[in-house]
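Dear colleague,

I am handing over the structure we spoke of, and you will find the sequence and the model just below. My notes on what was found follow after that, so please read them with the structure open beside you.

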Amino acid sequence: MTFVIPTAVDLMTDSVNSHPNARGGFAGVGEGQTSQRGFAKAAGNLPLTLTATNMTSSNDGQLRGFNFGFPTAIDTSTNTKLIVWTYQFNAPNRVQTDTAANRGLVFRLGSGTGSPTTSYRTWNIAGNDKVGASSRENPKMIIVDPNDLTYDEDIGTYDNTDLQTFGLGVNNLSITGTGSSNFFPQRIFAFSTVKGATDIPRFTGASNWGDMITAMGTTFDTKITDEWIKRDGDVFSYAAPFEIGDNATSTQFNDNGVTVFWPNATSITDADPRVRVTSAAFRAYLNLRDDVADTATFSGLYNCGNSTPAWDFNISNSSVVTFSGATFNNVGDFTVGSSVSGNATFDSCGVVYNNNASLSGSTLKNPNASHLMRLAA
Amino acid sequence: MTFSLPTVNNTHENNGAGDPLFADNIGSPNAVNTKEAGNLPITKDGSQFTITADNQLAGVSYYFQATPASYDVSSSTKVLLWHNQFNAPNRIQVADLANGGVRFRLYSGTTLFSLAYKDWYIGGNDSPFAECVKGQVPFVMDLNAGNETSSAGTFDNTTVTRYGIIVNSDFVVGTQGNINFQGSNFVLGTDKGDADIPVFTGTSDFVQAVTLVQGTDYTNKIGNWIRQTGSVVYIDMPFQIGDNAASTQFNDNGVTVVSPASNAAADPRFQLTDQAMRVHLNLLDSAADTCTMTGTYLWGTRAAFNFDQSNLSETNLAGATFRGMGDLTIGSSVSGAATFDNTGSVKLSNSSVNINGSTISNTFASNALHFTGGPMNIANMRFESYAGKHAILIDTVGSYTLTDIFFDQSGTADIETTHTTGTVTINLVGTTTTPSFTNTGGGTVVLNFPNRTLTLNGIVAGSRILVTDTTNTVVLFNEVPSTSPFVGSIASAGTDVDLSIRVRNGAVPYKTFDTTATLTSAGVSINVSQVSDA
């Protein structure tokens with residue numbers, strides 16, 4: 001009964017000045033580094049018992065931010081990673097951010113050396129006219145694929161083989177309440193999107209989607225997020241890739257008929273442009289052992305949103321994967337191997353690549369590709 | 001292009017003394033005043049109370065609107081949409097759920113110090129209401145809700161008068177002191193045509209509802225009772241499509257719509273009866289009024305869907321999926337093949353309803369489909385997974401035709417008839433699965449099974465065929481067919497029969513061809529092989 005969330009790349013519990021991976025303030029045209037860098041915000045992180053890096057922007061009309069280094073540089077040229085971050089503002093009764101178009105709240109990835117780097121891309125993810133900052137409902141998620149091309153700024157020569165820094169900045173606008181923006185970046189993840197990787201979220205053991213809720217923590221002193229993993233009754237929202245099995249641990253996964261959906265990829269023109277992803281971001285894999293004791297049963301409803309990620313259930317060994325009336329909406333290309341059997345509905349998906357799976361009774365409709373299914377030779 | 005909410009019940013922008021609807025403190029809050037920018041939109045102040053001691057129970061209560069002075073929800077309930085938030089983002093000063101960290105109170109009676117009330121525990125530091133500070137947290141209380149944690153006196157749902165919010169403090173993280181801000185709230189009707197039920201009119205869709213609640217910027221965001229993530233819309237309220245006055249063209253554009261469950265153990269912010277989250281069609285008697293539903297509707301309560309509309313309006317459900325709600329009543333203005341999964345009974349209220357092609361599975365009711373509109377015909381429908389129940393209920397005499405209907409035969413009987421006098425005639429046509437029946441009313445039931453087909457191929461011209469039903473000893477055909485193949489239609493009583501088939505031609509001559517076969521619902525086809533006897 002396990003869902004494992006990989007280790008965060010940074011807990012963001014230190015002040016800017018004492019942060020071991022500080023990589024300099026924002027230094028572009030019309031920019032500056034955040035002020036009040038010498039302290040961390042007590043209980044500003046998740047779980048609430050942790051401090052958070054505190055950053056302050058108090059100059060209207062100037063983007064103030066700071067960059068931090070990944071523990072090791074990230075290469076996303078072959079397979080992308082997914083940056084999953086949360087932030088919150090102080091206090092609940094003030095809004096001090098400009099609009100998204102005016103860079104109210106931005107996320108930045110930098111490549112190469114330097115503190116700060118001179119090559120970076122910036123995504124405008126929120127403002128007082130967007131869900132991410134129109135009121136103080138903290139914490140809020142940022143979901144960015146480094147290969148996403150809807151960025152709002154491209155400075156220097158962004159090199160996706162050598163991503164070294166991540167940063168957050170606010171363009172203050174005194175609107176309501178005290179005239180400065182205190183904002184706290186919280187723990188940040190960089191998930192792999194590759195089958196078998198150590199840093200992809202994963203189910204093993206006798207597991208189901210409810211295990212995600214346990215994994216994210218259920219009390220104020222254990223909860224690490226309630227943004228990119230959420231549950232409302234039998235409906236789960238999730239904003240990351242996942243894998244079932246690790247080809248080493250006995251695994252019996254059953255979705256128990258729940259509904260799981262992923263957010264849409266967005267851009268600054270959307271009401272909530274915090275999800276900036278390519279089709280590679282929300283990939284899913286089966287990685288069960290060659291053992292009849294390893295099973296995965298799907299009877300739920302899945303909707304991948306408009307990013308249409310490929311799902312790889314291409315497993316052909318002794319494991320037993322059962323589709324029992326499951327519905328898959330908006331998956332991209334969906335590859336199934338001979339371990340997979342049963343009936344499912346594939347609606348608005350890419351090509352179902354059938355490598356000898358028995359899918360009798362299934363329905364395929366509304367393809368997003370030139371054909372519905374391709375059979376193995 | 002409109003989604004409309006009724007007038008706010010109380011903006012909660014004023015402090016206790018400044019709000020004419022303020023009733024009284026509950027316990028002894030240390031201060032009752034206002035929080036600057038503590039409301040939604042965030043440009044508005046919020047009413048506030050403060051607790052400065054650990055393990056202290058305190059709150060505030062307010063009357064509903066002065067007019068009417070009370071609500072009578074004995075026949076049709078109302079729901080209160082409210083939201084509260086705590087100060088500040090980096091402190092938790094609320095007890096856990098088991099100890100009633102956040103409690104809602106509902107009073108009946110007009111006496112200020114009435115002891116008739118119910119309390120619900122709706123949050124704590126171990127539930128989404130207060131596990132971290134997250135702005136205005138929405139919650140919805142049905143004025144008829146059960147599952148109260150405690151009560152006092154005799155609650156009278158014909159005179160529901162006031163409501164309150166109570167906090168049980170527990171200083172666990174951050175600066176000590178609990179500050180609760182109350183935001184604006186709404187009281188919504190839940191019945192068709194109620195003046196205070198949320199309504200879609202004009203050229204409308206769910207995104208408009210999201211925009212009305214979430215706003216377009218910080219100046220007009222009013223709450224979180226409707227939220228959108230990708231193509232999924234959470235809607236924590238009942239609604240109606242059309243108001244029988246304004247021209248309406250509603251289209252869900254294929255989104256998934258989620259309605260909350262009641263009294264969830266881990267997050268009891270929604271205390272609902274099965275009336276709370278009802279959905280109604282109320283379109284004009286005009287072909288210009290339309291409703292198109294292709295999305296997925298996931299309901300956490302058994303709220304009824306009232307699509308009982310039989311006028312010139314047009315509602316199309318083709319491709320929609322309905323899961324989890326209660327009974328769905330469907331009139332003749334509604335058409336299209338939909339999927340009904342784990343719902344109450346689908347009730348066809350008019351004999352002209354055409355939802356042919358639909359699939360009904362895992363019914364929650366005692367029957368999956370009920371012809372409440374009397375005798376009618378259905379076609380191409382599938383009934384699946386109704387163990388211990390029935391696929392179809394017929395309670396009105398007349399003639400019903402079922403064409404190409406699939407019963408997976410998982411129930412105690414596929415069709416139940418409950419009429420006590422007169423005759424129900426059921427015509428089974430095409431590939432309809434032979435259903436099992438139970439006649440619990442005692443009236444007469446006549447079953448007409450589809451004819452079965454015998455095909456004889458390769459008959460030499462001028463031959464005579466003799467086909468005998470050897471099960472019932474009846475000659476079916478004794479003739480010289482004019483063409484080959486010969487196709488014969490044979491009346492059926494729903495059971496298989498054995499056939500004896502003889503083909504002779506003495507003129508040429510040919511040897512007699514004799515064979516036997518079993519005639520099933522799939523029919524039977526015989527290749528006649530006549531050998532020359534010259």
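Strand 43 of chain B (residues 452-457) runs parallel to strand 49 of chain B, and the two are joined by 4 bridges. Please keep in mind throughout that this is a predicted model. Within this pairing, B:Thr455 is found opposite B:Ser525, a residue of strand 49 of chain B. The two strands belong to an open sheet of 3 strands in chain B, ordered 46-43-49, in which the pairing is mixed. Strand 46 (486-490) and strand 49 (524-527) of chain B are the edge strands, and each has a single partner strand, so one side of each has no neighbour in the sheet. On average, and with direction ignored, neighbouring strands of this sheet are turned by 15° against each other.

**Where chain B meets chain A**

The contact between the chains involves 42 residues from chain A and 44 residues from chain B. On the side of chain B that touches chain A, at least two residues each are supplied by strand 6 (78-87), strand 12 (160-173), strand 17 (232-235), strand 20 (256-259) and strand 24 (296-299) of chain B. By class, that side of chain B consists of 19 nonpolar, 17 polar and 8 charged residues.

Chain A contains 1 helix and 32 strands, and its C-alpha atoms fill a box of roughly 65 × 40 × 35 Å along the principal axes. Its radius of gyration is 21 Å, which agrees with the value near 21 Å that a compact globule of 377 residues would have. Of the 377 residues in chain A, 58% are buried, and among contacts in chain A with a separation of 6 or more, 70% are between residues 24 or more positions apart.

The domain assignment divides chain A into domain 1 (2-191) and domain 2 (196-375), and the centres of these two domains, taken over C-alpha atoms, are separated by 29 Å. Where they touch, 35 residues of domain 1 of chain A are in contact with 36 residues of domain 2 of chain A. The elements of chain A that give two or more residues to the domain 1 side are strand 1 (2-4), strand 8 (81-90), strand 11 (117-126), strand 12 (140-144) and strand 15 (181-192). Strand 12 of chain A provides the largest share of that side, with 5 residues, and by class the domain 1 side has 21 nonpolar, 8 polar and 6 charged residues.

With best wishes

Methods
Residues are numbered from 1 along each chain as its sequence is written. Chains are lettered from A and ligands numbered from 1 in the order in which they are written. This is a predicted model: local features need pLDDT of at least 70, side-chain atom pairs count only at pLDDT 80 or more; totals for chains, interfaces and linings use all residues. Domain bounds come from an automatic or database domain assignment. Two residues are in contact if their C-beta atoms, placed from the backbone, lie within 7 Å. Ala, Val, Leu, Ile, Met, Phe, Trp, Tyr, Cys and Pro count as nonpolar, Asp, Glu, Lys and Arg as charged, and the others, Gly among them, as polar. The radius of gyration is taken over C-alpha atoms; the globule rule is 2.2 Å times the number of residues to the power 0.38. A residue is buried if 20 or more other C-beta atoms lie within 10 Å of its own, exposed if 12 or fewer, and partly exposed in between; C-beta atoms are placed from the backbone. Two strands pair if DSSP finds at least two bridges between them. Axes are lines fitted to C-alpha atoms, for helices over the stretch in contact, and angles run from 0 to 180 degrees between N-to-C directions.
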